[in-house]
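Please examine the structure shown here with attention to two topics.

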Amino acid sequence: MHPKELPLLNILVLHGPNLNLLGKREPEFYGSLTLDDINSLLREEASKLDVKVFCLQSNHEGSLIDAIHHGADKYQGILINAGAYTHTSIAIRDALSAVKIPAVEVHLSNIYKREDFRHHSYIASVVIGQISGFGAQSYILGLQALTACIRQELY
Ligand code: DQA
């Protein structure tokens with residue numbers, strides 16, 4: 001048991017394609033923070049919440065799927081911004097559904113305020129919930145929500 005009597009939670013944070021370009025990529029949608037900045041904010045929040053985050057970015061659908069599969073016995077939760085794969089990938093949706101690790105979907109931009117093709121998420125139906133439109137804060141809110149749901153077994 002953890003010193004504060006809470007079991008230590010390990011959370012896998014997955015960032016999908018093009019998110020390695022954050023900071024210089026369309027800041028009007030995605031803000032000016034880099035991916036490293038966001039990961040640092042997540043680590044800060046994680047230490048407040050007494051959880052550990054493991055962050056991975058990939059531009060490759062298969063690598064994200066492999067990470068989800070390998071996560072099955074290591075992580076109690078997944079925080080995922082699948083980027084454009086959100087709107088295209090039945091395979092990532094199926095991987096999340098197969099491993100049954102509670103997950104929360106996040107987006108920096110509000111995908112419902114943007115082009116029609118961004119309005120559908122294949123992932124939304126297999127996650128606890130989705131947070132979209134709050135910039136880097138979407139990740140922080142997502143981590144808080146995911147942690148609370150896992151601890152209260154609300155998934
Ligand atoms: C995004 C929204 C997606 O539509 C887009 O393809 C991204 C980023 C977001 O965080 O706002 O790459 O997931």
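The points below concern the ligand site and the cysteines. The model is predicted. Its largest pocket is the space taken by the ligand, and a search of the whole structure finds zero disulfides.

**The ligand and its surroundings**

- The residues that surround the ligand are Arg25, Tyr30, Asn81, Gly83, Ala84, His87, His107, Leu108, Ser109, Ile111 and Arg118.
- This shell consists of four nonpolar, five polar and two charged residues.
- On its own, the ligand has 320 Å² of accessible area, and the protein covers 99% of that area.

- In the side chain of His87, an N or O atom is 2.7 Å from an oxygen atom of the ligand.
- Leu108 takes part through its backbone, where an N or O atom lies 2.8 Å from an oxygen atom of the ligand.
- The side chain of Arg118 has an N or O atom 2.9 Å from an oxygen atom of the ligand.

**The cysteines**

- The search of the whole structure for disulfides gives a count of zero.
- Cys55 is in no disulfide, and the nearest cysteine sulfur, that of Cys149, is 19 Å away.
- Cys55 counts as partly exposed because its relative accessibility is 24%, whereas Cys149 is buried, with a relative accessible area of 15%.

Definitions and conventions: Residues numbered from 1 in each chain as written. Predicted model: local features only at pLDDT ≥ 70, side-chain atom pairs only at ≥ 80, totals over all residues. Heavy atoms only, no water. Disulfide = S-S within 2.5 Å. Buried < 20%, exposed > 50% of the residue type's maximum accessible area, 1.4 Å probe, protein only. Near = heavy atom within 4 Å. Polar contact = N/O pair within 3.5 Å; in protein donor to acceptor, adjacent residues only side chain to side chain. Areas by Shrake-Rupley, 256 points an atom, 1.4 Å probe, with all protein chains shown as cover. 1 Å grid on protein atoms, 1.4 Å probe; cavity = no way out; pocket = protein on both sides within 12 Å on 5 of 7 lines; lining within 4 Å. Sits in = over half its atoms within 2 Å of the grid points. Nonpolar A, V, L, I, M, F, W, Y, C, P; charged D, E, K, R; others polar.
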